[in-house]
Amino acid sequence: MAHPYRLYGVPHSLFTGIARSYLRTQSLPYIEVPTRDPAYAARIMPVTQRAIIPVLEAPDGEIVQDSLDIIDHFESQGVAYSAYPESPLQRILAIIIQYYGCQAMLPHAMHYRWSYRDRQEAFLGDAFASGSGADMAGKIMGRMNSYLPQLGVTEQTIPAIERSFEDLLDALNTHFADHPYLFGGRPSIGDFGLIGPMFAHLGRDPVPAGIMKTRAPKVFRWVERMMAPGLDTPEFPGYGTDFLPDDQIPETLEPLFQHIASDIFPMLTDKLAALDALIAEHNPPDGQPVAPKPHQRYVGLAKTQFRGIPVQVGIQPYMLYILRRADEALAESSEEQQARVRSELSARGLDAALPGNRGYSVDRRNQIEVWSRSS
Ligand SMILES: N[C@@H](CCC(=O)N[C@@H](CS)C(=O)NCC(=O)O)C(=O)O
C-alpha cells in the first residue's frame, strides 16, 4: 500500500500499545513513527494541541488521537474481528475490564516502571532515548516518574498494588489456560484495555515482566498473542474466532471480576462523587474543556482507599468517556435484558461501575476532552 496508516507512538507507551495491538489483530497496514519525526510537530501537534501519543494519521490525512477513538475509527469502517461483543453482558463486562486495564491499572504500571528504577535504569533509559532522543529522555523520564503520587502510588499503597498485580496474574493465568482471549476466540475491548499496562510496562519492563513470566506463563503468552498479527492461537486448535455464544461468561473469568470489584471500589465511587461536586460547584456549559490546558488530564483530588488503605488520588474525567459506553450498551438492550444484565452485574459487585446519567459526561470535540451536558 502506497500510504499506510501512520501510528505515532513508542514501544514503551501504554496507550500506543493498545492501538498497536488492535492494528495488528486486524492486520491493518501501518507504520509506527516516533514523535521526533518532523511530521509530528508539523502536522500532528497543531491538531492535537498537545504532545500526546498514540496518534493515528490516516492515508486521507484524518488525525485521530486516543487509543479508544483509534479503535472506534476502524470499528465504524468494519474490521476482521470486531472488538465489541454484540450481547449486552459480555459487552458491558468488556468495557468494565477496559476501564480497569487502561485506568485503574495505571498505578500498577507506573509503580513497577518507576519504583524499581535502580534495577531497570538501563532498559528505561534506552527506551526513552530511542523514542524521544537522548537529550529529551531524562526530562521525560523525570516527568513520568513524578506522576506517581497523583496516581496513589505511596509507601503505604505499594504492598497492596503488588499483591493486586499478583492476584490479577493468578486469576488470568487460570483463565488463559482454557481460552485464548477473555470472552472467547477473539480479543474484546476488554482485552485491549488490559493489554495497555500488561504489554508496555508489566510485560516488558524487566522487574514486572520477570514476575509475569515466572508466575503466570499463560498471561505472558496472551500478551504475545495480543501483540502478534491476526489471531495467534496455536494452543487452541479448532477453538473458533467468535466470542462465546449466548452472552456466556466463562466460569474462569469470575475470579477476575471479584478482583476488579475489590480493586476499583470504593475508589471509583469516590471519584464520581468528587466529579459530581465539581460539576455542582462550577456548572460548566456543554462543550467547555474539562481542564484549562489541553495537556491537563486531572481535574481534582479524591480522598479514598485502595484495598482498605487510605490514599488521595487525582481524578481523570476520561473515566466517564469509557464507562458511559457501558450505560449506552445497557440502554440499547430490551427491558428484559437490562434487568438480567443488572442482576448479573450486581451478583459480581460491579453494578456501581456504570456511572448512569449524572447530568454530565465527557466528550471529545476538536481533539479535546470537553464536558458534555446532554447526558
Ligand atoms: N486517553 C489517551 C491517553 C494517552 C496517554 O496518556 N498517552 C501518554 C503516553 S502512554 C502520553 O502521551 N503522555 C504524555 C505526557 O503525559 O506528557 C489515549 O487513550 O490515547
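Colleague: Which strands does α1 (14–25) lie across, and at what angle to β1 does α1 run?
Modeller: α1 lies across β1, β2 and β3 (55–57), running at about 155° to β1. Angles run from 0 to 180 degrees between N-to-C directions, with axes fitted to C-alpha atoms, for helices over the stretch in contact. This is a predicted model: local features need pLDDT of at least 70, side-chain atom pairs need 80 or more, and totals for chains, interfaces and linings use all residues. Residues are numbered from 1 along each chain as its sequence is written.

Colleague: What makes something a helix or a strand here?
Modeller: Each is a DSSP run, numbered from the N terminus: H or I over at least four residues for helices, E over at least two for strands. β1 covers residues 5–8, and α3 covers 67–75.

Colleague: Are α1 and α3 parallel or perpendicular, and why?
Modeller: They pack at an angle of about 15°, with their axes 8 Å apart. Under 35 degrees counts as roughly parallel, over 145 as roughly antiparallel, 65 to 115 as roughly perpendicular, and the rest as oblique. α1 and α3 are therefore roughly parallel to each other.

Colleague: Which residues of α1 and α3 meet?
Modeller: F15, I18, A19 and Y22 of α1 meet S67, I70 and I71 of α3. By class, that contact has 6 nonpolar residues, 1 polar and no charged. Contact means C-beta atoms, placed from the backbone, within 7 Å. Nonpolar covers Ala, Val, Leu, Ile, Met, Phe, Trp, Tyr, Cys and Pro; charged covers Asp, Glu, Lys and Arg; the others, Gly among them, are polar.

Colleague: Why do α4 and α12 get the label they have?
Modeller: The axes of α4 (residues 88–104) and α12 (residues 254–264) come within 11 Å and cross at roughly 50°. α4 and α12 are therefore oblique to each other.

Colleague: What order do the strands of the open sheet take?
Modeller: The order is β2-β1-β3-β4, with mixed pairing. β2 (30–33) and β4 (63–65) are the edge strands, since each pairs on one side only. Neighbouring strands are turned by 20° against each other on average, direction ignored.

Colleague: In what sense do β7 and β8 pair?
Modeller: β7 (residues 361–365) and β8 (residues 368–372) pair in the antiparallel sense over 5 bridges. R364 has E369 of β8 as its bridge partner. The hairpin has 2 residues between the strands, and N366 takes a positive phi near 55° there.

Colleague: Which residues lie around the ligand?
Modeller: S13, L14, F15, I52, I53, P54, D66, S67, L68 and Y318 do. Each has its C-beta atom, placed from the backbone, within 6 Å of the ligand. The shell divides into 7 nonpolar, 2 polar and 1 charged residues. α1 and α3 each supply at least two of its residues.

Colleague: Where are cis peptide bonds found?
Modeller: One joins I53 and P54, with omega about 0°. P54 lies in the loop between α2 (38–48) and β3. Another joins F265 and P266, with omega about 5°. P266 lies in the loop between α12 and α13 (267–282).

How values were computed:
Pairing = 2+ DSSP bridges. Contact = placed C-beta atoms within 7 Å.
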